[in-house]
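Dear colleague,

Please find below the structure I wished to hand over to you.

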Amino acid sequence: MLRYIVCILFIAFGLVVSVALPIQAQDGDYFLQNYEIPLNNLDNKNLAVVQGNNGYLYFANTKGILVYDGVFWQIIETLSTPYALAKHPSDGTIYVGCKDDYGYLERDLNGVEHYRSAIPKDFKDKLGKLKQIHFLGEEVFFYGEQSLIKVQHKSKKYLFHWLSSTRGANLLSEETINYTGFFIHEQQPYLNIRTKGLHKVAGQQLQPLMHDAERFKNTAIRSAMPFTKVRTLLAFDDLQHYVFDGLKLIPYRYQAEDYLKANLLNFNYNIDDNRFLTTTLTGGCLMLNKADGAVLKVINYQTGLPDDEVLALTLDQSGSLWVCHEKGISRIDLNLPLRLFSTYAGLDGNVTCVLPQPNGQLYVGTSQGVFFLTKVKKFDEVKGFIKKEARYLKTVETVTKVVQIQEPIADKGNNGLRLNYQHSNEGRKAAKRQIRTRESTETEERPTRTLATTQKTVAYERQEGRQAYATYSIPYVYKPFQNLYAKAKQFSAVGNQVFVGTNTGLYLLNIEGEEGKSLALLEDVNVNYLFPSTSFANTLYVCTDKGVFAATKKQGFWEVFPISKALREEIYSAAEQGNMLWLGMDGKVASLQLNEVLKPIGFGEYTLEGTYTSNSTLRVIDNKVVCFLSSGVRVFDGKKGFVPDTSWNPYYDARNNLIYDQQGYTWSQKDGQWQNLQALNKNKPAFLAYLGLFDDIENLYQDAQGNLWVVNQHQLYRLEAGANIDPKVQFALHIRQVRDKDQKTLALQNLVLNFDPKGMSFHFQLAAPYFQNERQTQYQYWLQNLENRRAKEDWSGWSEQNTLSFPMLPAGRYRLHVKAKNTFGQESPIQVFDFTIKPPFWETMWFYALQVLFFLSLLVVSFFVVKRGSRISRVLTLVTLITFFEFLVLLLEPTVDDFSGNIPVFKLVMNIILALSIAPIEHWLRERYNKGNTATPATPSADDVPSEKVAD
């Protein structure tokens with residue numbers, strides 16, 4: 001008998017004590033999405049970003065203005081490299097600051113955006129790089145280190161400019177100077193000038209400000225950010241921060257001064273009344289609390305950002321943060337109730353399963369082992385986990401090899417020196433040359449590239465900088481359980497003890513002090529499923545590739561043994577009803593009736609006929625044994641065995657895997673919607689809609705606080721309990737462009753086209769700038785023929801296809817109705833687009849009138865020109881009627897089709913009626929004509945009477 005008896009005595013204190021703080025004490029990292037730009041010959045560097053009123057994102061790329069609408073990426077060409085972007089608050093005009101140029105974006109009638117330079121044609125001064133744009137009422141300021149330009153917003157006309165060198169006409173002085181900062185505080189522009197200090201911009205005058213003159217004269221303003229309604233936060237290039245109230249500077253202290261000194265401050269960005277971001281060139285960005293300067297969150301390479309050099313930021317309409325960095329573009333959802341937990345250092349392999357404990361301890365299983373999350377206490381714990389050091393450093397091994405050669409012993413004979421070789425009886429040499437090799441290896445890390453392009457002296461040494469980076473970026477680390485190097489497949493808790501099933505066996509886990517320890521209870525088996533018994537205390541069923549086992553705890557000892565020696569097949573799932581244990585196998589189900597010591601006293605086997613060979617997933621739902629298969633759902637029905645049950649079809653899709661690791665939860669996805677099949681009679685939690693953000697969910701687990709833990713594409717997320725989708729959130733749908741069959745763009749308003757006999761084909765490009773899992777955005781349309789008043793709404797099905805094509809449209813007036821649906825199921829307002837295709841001349845009313853006149857004239861000719869009674873007249877009349885009625889058939893056929901819904905019987909009846917009416921009409925016309933031309937005969941004259949012959 002195969003029996004595994006493991007003697008383990010756990011002290012209660014050792015079971016619950018852990019060095020890790022409760023995981024709820026920290027929030028995990030933000031949900032982050034990185035974008036790859038599908039355009040050729042494009043630089044990843046974007047120096048500014050802004051969102052337009054249309055919802056599109058605009059980036060100041062080194063190759064022009066990069067635009068993203070949620071579907072398409074495109075480049076708008078500029079005259080020179082753009083450095084700054086800003087949206088005017090009144091009408092949404094997007095202004096662009098470039099090198100030696102400035103302008104704005106405008107859209108033509110076809111919906112295509114272009115850059116238009118606003119610089120006067122006779123303007124000859126060199127402006128340098130215009131890196132900031134500010135608005136003051138109807139005035140627009142473009143700022144650079146060499147110049148400051150003022151422009152009128154509505155007219156886009158140049159008003160005035162100040163140059164920082166003697167090359168221009170509007171000079172502050174005759175000496176070469178340098179502008180070192182510009183900001184607007186309480187409707188007052190300020191310009192800082194090196195060696196001269198801060199100045200007010202009043203009209204065309206620059207008035208020096210004497211307060212804190214030395215502070216402004218000797219340093220540059222690195223960043224200016226609205227701090228409150230009446231205060232501005234200024235950051236200087238010596239990393240000092242001050243709050244400016246219009247008269248004086250008040251020092252501002254923050255927690256992460258050592259971090260900024262080590263990572264090169266770039267600029268500050270306001271989020272809301274309580275938070276702001278400070279960005280760096282080598283350390284990503286920090287989210288700080290305005291009240292006390294405390295660090296709320298770190299966003300850098302360590303926490304998921306592709307690069308630590310942050311170049312630009314903006315908040316979009318949904319509150320998401322767009323970050324431009326050296327490697328491209330990332331979007332961070334600040335308001336989503338989702339947090340990422342797999343970015344913490346220490347995890348090896350891909351995440352496969354998770355177990356959050358009620359005491360706050362988090363267990364995570366991966367393809368390489370099992371880990372637990374713990375709070376960092378000292379730098380030595382994390383100095384080996386700094387990701388960017390592993391990214392930018394390469395390991396160089398120097399191997400020293402020493403070779404020693406020992407020849408056989410030499411002695412002197414009569415003939416001089418000789419080697420003392422001994423020979424065997426076969427005459428071969430017994431003594432050989434001995435060669436010994438000794439190696440020593442030294443390892444050294446050498447940098448492969450610099451961390452940033454900006455050259456600046458850092459105030460801290462490298463070791464202090466590393467410590468600051470690691471301390472703020474890595475507050476928690478994962479530690480492994482010792483002697484466990486297998487793929488974790490499922491966790492299960494029995495009481496306060498935690499088990500994990502792996503591809504090599506079953507292990508018991510325990511955290512002692514700062515170490516995780518594991519003990520093998522069952523080895524050399526592949527565990528498929530763990531199921532804690534509800535009928536037998538301290539019992540865990542273990543389904544493996546070698547049958548089913550039971551792990552039981554008796555008097556502090558754990559015993560693992562096979563439940564049935566005869567049942568050695570692979571078991572995939574298990575379910576329990578009282579003392580009846582149901583086991584899911586390959587194409588069949590077995591039942592074991594167990595006694596009080598878990599020995600089988602009854603056995604049953606049910607073959608699932610008519611099904612594809614597949615694993616049987618068993619669950620007990622509403623006191624019924626339900627078997628989920630790839631061919632459908634079957635329910636146990638006494639003597640009938642497992643019979644098909646179609647009532648599950650609305651909730652179960654056999655193409656999607658079930659997730660059933662947690663007792664009381666059987667997660668199923670149907671039509672993109674997730675639900676717990678064991679709670680169908682309860683209200684569906686609203687927060688499940690957020691699961692639409694994930695493309696490949698592998699595991700789900702709901703903790704005691706109601707949070708839902710999600711394993712998606714080998715990453716671990718936590719969805720906060722009680723999260724709701726905002727029903728007021730709306731997103732706009734745009735008909736981005738309309739193109740004909742030659743891909744020529746057409747007007748987006750008052751589109752009227754002439755009919756082309758070769759065919760009229762239209763392609764409508766749609767864009768819905770909703771950026772949360774925008775790949776899942778779907779579209780629906782209805783093309784209405786305005787000339788058919790009886791037509792009803794006929795919407796298409798939802799599709800992810802964002803280009804609508806209509807080939808071979810006939811002439812007519814049309815109205816296209818389109819709408820979009822985001823990943824949460826919310827629909828956009830309906831967008832309507834009218835267009836007209838003019839008919840060809842032979843389908844116009846004036847041409848129809850000419851045809852009627854022609855047939856009438858032909859009919860008149862047949863009656864009045866040809867002689868009465870002539871056969872030719874009758875035939876011509878008949879041909880004229882037939883031709884006229886055929887013309888009527890062609891004219892009326894579309895109307896009949898619309899009225900009858902294209903039913904052939906109506907068309908046949910119409911043709912029969914017209915055919916039967918031709919002969920009576922022709923006969924009636926002939927009679928009318930003959931009657932009109934019939935008169936009373938006149939008395940013949942003498943001349944008309946023939947002469948008679950007289951007889952002689």
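This is a predicted model: local features need pLDDT of at least 70, side-chain atom pairs count only at pLDDT 80 or more; totals for chains, interfaces and linings use all residues.

Residues are numbered from 1 along each chain as its sequence is written, and side-chain values use heavy atoms, with hydrogens and water left out.

The structure contains 62 aromatic pairs (rings of Phe, Tyr and Trp, the last by its six-membered ring, with centres within 6.5 Å). Tyr190 and Phe244 make an edge-to-face pair (planes over 60 degrees apart), with 5.5 Å between centres and 85 degrees between planes. Tyr190 belongs to strand E16 (residues 188-193) and Phe244 to strand E21 (residues 241-244), so the pair ties together parts 54 residues apart in sequence; strands are DSSP runs of at least two residues, numbered from the N terminus. Phe244 is buried at 1% relative accessible area (buried means under 20%, with a 1.4 Å probe and protein chains only). Ring pairs also join Phe762, Phe764, Tyr781, Phe806, Tyr814, Phe833 and Phe835 into a cluster.

The charged end of Lys290 sits over the ring of Phe227, 5.5 Å from its centre (NZ of Lys or CZ of Arg within 6 Å of the ring centre and within 35 degrees of the ring normal). Lys819 lies over the face of Trp795, 4.6 Å from the ring centre.

Yours sincerely

Key
Rings of Phe, Tyr and Trp (its six-membered ring) pair if their centres lie within 6.5 Å; planes under 30 degrees apart count as stacked, over 60 as edge-to-face and the rest as tilted. Helices (H or I, at least four residues) and strands (E, at least two) are DSSP runs, numbered from the N terminus. Buried means under 20% relative accessible area, exposed over 50%, partly exposed in between (1.4 Å probe, protein chains only).
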